[in-house]
Amino acid sequence: MDGTGGDPVKPVAVLGATGAIGGRFVEVVAGDGRAPVRALVHRWWHTGRIARFPIELCSAPTLTADTQIDDLAAVLDGAGAAVSLVDGPDLGPEAGTALVGGCARAGIHRLVHVGCATATGRRRAFEDALLAAGDESGVEVAVVAAGLVYGPFTQAGAHEPLDLVRRGRVAVGAGSAPCPLVYVDDLVEAAWAAAAREERTHGRFLALGPAPVTWVDLYEAFGDIVDRAGAAVLPDDELAALAASDPADLAELRWPPEPSTSQRAVRSLRRRVGLSVEARTPRRRLVVPSPDVLAIRSSPVEPDAVPATALGWSPVVPFEEGMRRTAAYLRWAEPA
Amino acid sequence: MHADALGRAGIPVAALIDPDEQRRTELAQAWPDALVAAEPGAVLDAFDLALVAVPDRFHAPVSIELLDAGKDVLVEKPMAGTRADAEAMAAIAEATGRFLAVGHVRRNLAVKPWAHALLASGQLGRVERVEASQGGRDDWVAASEGYVAQAVGGVVANQGAHTIDVLAWWFGPLEVVSCTDDSRGGQEANAAIELVAGSIPIHLELSRVRSLRNTIRIHTERGLLEVALDQYQPKQLIGVPEGVEVAPFVEQTQDLAGQFDQQLVGLADALDGRWPDTLATPASGIQVASVIEACARVRTSEEPWWMAPAVTR
């Protein structure tokens, strides 16, 4: 499989190549010599990671509702396949229709979009429009949807959780759904599988990691990087009440709570009679997620979606290995 | 940045030259009193001194054309990507008697001349070793692919030129011992360079994607001197050896525009016969070009750790 519709000379057009997932996609495809890469670039100064490879860089404005089919000719014309990793508030159904229209005009028979399993509003409308426009135009569209992508260079799956556990223990509801985690390399391989597959590939596919991971697992693993407890489990109703309260009131919250008078008395008594006393867990600030984040965590992600294993792909990076690499990356990327 | 600095100083911009038609239209709107042309030859009579801020690979040919036409030149850093090109530029300036300087604008961060004077005073004793690091998610709003799509486009020549210049300015001529980078046939985003200045070993880390300290740490007989490389740190002077009486340094807020303003003052002084410490000479530019060229010549590319195949079940 060369991912170029059977023609090894044609490049893969990559939109969103300077982001964390796009950058990794380029590294894998260009680095392994799977296919020539043509990357669409909006900001030259964000190309450091992908410009390490002898790839084609072409400039075009950001994909928005105003994007016209002709605007995409520079990146799509002559490409064998297109892979989109674009994201952002400017996306919407018009941009989705224009992107598929650009593929149809360029004779590209398949577009792969790496989407977001928790997308709402115009971001989700963009993904739905891709599929609808594909139905109309005959361009096969595979939306590979991921929940939380973690690994090197990812913001939401590396830098942000590290920042959170540096600030304190992250509150997790006792009844939270599993964390829809997938390692960035696994997601890149899912996108590649969708691009290179011989069979007709059209629809929405959900890419998850090899085994369920809880939000507690995630924050504890990031806590290990800074050598502190990373998560705090709270009853769901208690956490929902905290999340809805004034953020200023949350600044003073510590976890675990102060021991009660009776707990203190028992400890004192045990000490006095020479019995062992369990060391107290150091109290840290309690970091409470926003109500929006809690809402996402409370329900399973796309329970009816077709798993991306239908693409002939399977995730191979276990959580422990993915976190080992993420931790190594963070130590490398933020040594100061 | 250059044209804005001229505007703040009240110096008229006589002509703006850009081969791109759309850019010329934008320039004409922004500077209605200036001539706008696609090439220098069309407006040669309009100016005496040129600020050359074209993509790096054009620094040498454009500067040589201007010097040969009898113009004084301030060329952006790096002066050139090879020693031969930089020497050719210096030679034409010498032959025509024209003025040539290199715009290493970060020399104008106030702590730089202060630290240079302190090191030159000998108060800190012998310099034992130096560590410099420069890196962060790049926020320089580059207008063209010249940023990466050229022979001289990686982190060494682009961002690293600033620090290489400072190291050569403070410690003398540099020799490249080794250079390891992460180029995979394109432009490197990360590089680790071992240099020597005389007997002083220097370790230089450069990155377009990592958040590094962005300082120069100078280990001396009397202790550690650490200074900021750019304006983004909260303090310019980060540490001085304890117990050493040094000239006071007054911390100040100094943005990039201020450094360009300062560079313009230095340029005016140099044209007036008083070449300041903060304005890089052609000899300095040749030194930086030599290091860039040597890095490209001796470099070994190391697979970045994250490129290795994932360990799987």
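# A walk through strands and helices

Let's start with a pair of residues in chain B: Ser133(B) stands opposite Glu205(B) in strand E9(B). Keep in mind along the way that this is a predicted model. The strands around that pair are E6 (residues 127-135) and E9 (residues 200-207) of chain B, which pair in the parallel sense over six bridges. E9(B) also pairs with strand E8 (residues 190-197) of chain B, this time in the antiparallel sense and over eight bridges.

Now move to another part of chain B. Here you'll find an open sheet of three strands, in the order E3-E4-E5, with parallel pairing. Its edge strands are E3 (49-52) and E5 (100-103) of chain B, each of which pairs on one side only. On average, neighbouring strands in this sheet are turned by 15° against each other, ignoring direction. Strand E4 (residues 72-76) of chain B runs parallel to E5(B), and four bridges join the two.

The crossing of H1(B) past H7(B) is right-handed. On the H1(B) side, the contact uses His2(B), Ala5(B), Leu6(B), Arg8(B) and Ala9(B), which meet Ala257(B), Phe260(B), Asp261(B), Gln263(B) and Leu264(B) in H7(B). Sorted by kind, the residues of this contact are six nonpolar, two polar and two charged.

Chain B has another helix pair worth a stop. The axes of helix H4 (residues 83-96) and helix H8 (residues 282-298) of chain B come within 8 Å and cross at roughly 165°. That makes H4(B) roughly antiparallel to H8(B). H4(B) contributes Arg83(B), Ala84(B), Ala86(B), Glu87(B) and Ala90(B), while H8(B) brings Pro282(B), Gly285(B), Ile286(B), Ala289(B), Ser290(B) and Glu293(B). Among the residues of this contact, six are nonpolar, two polar and three charged.

Over in chain A, helix H3 (residues 93-106) and helix H4 (residues 121-137) pack at an angle of about 35°, their axes 7 Å apart. The crossing of H3(A) and H4(A) is right-handed. Their contact divides into ten nonpolar, four polar and two charged residues. Among those taking part are Leu99(A) and Val100(A) in H3(A), and Phe126(A) and Leu130(A) in H4(A).

Let's finish with the aromatic rings. A search of the whole structure turns up ten aromatic pairs over all chains. In one of them, the rings of Tyr150(A) and Phe319(A) have their centres 6.0 Å apart and their planes at 50°, so the pair is tilted. Tyr150(A) sits in strand E7 (residues 148-150) of chain A and Phe319(A) in helix H12 (residues 319-333) of chain A, so this pair ties together parts that are 169 residues apart in sequence.

Definitions and conventions:
Residues numbered from 1 in each chain as written. Chains lettered and ligands numbered in written order. Predicted model: local features only at pLDDT ≥ 70, side-chain atom pairs only at ≥ 80, totals over all residues. Heavy atoms only, no water. Axes fitted to C-alpha atoms, helices over the stretch in contact; angles between N-to-C directions. Left-handed = near helix turned anticlockwise from the far one by under 90°. Contact = heavy atoms within 4.5 Å. Nonpolar A, V, L, I, M, F, W, Y, C, P; charged D, E, K, R; others polar. Parallel < 35°, antiparallel > 145°, perpendicular 65-115°, else oblique. Pairing = 2+ DSSP bridges. Phe/Tyr/Trp six-rings, centres within 6.5 Å; stacked < 30°, edge-to-face > 60°.
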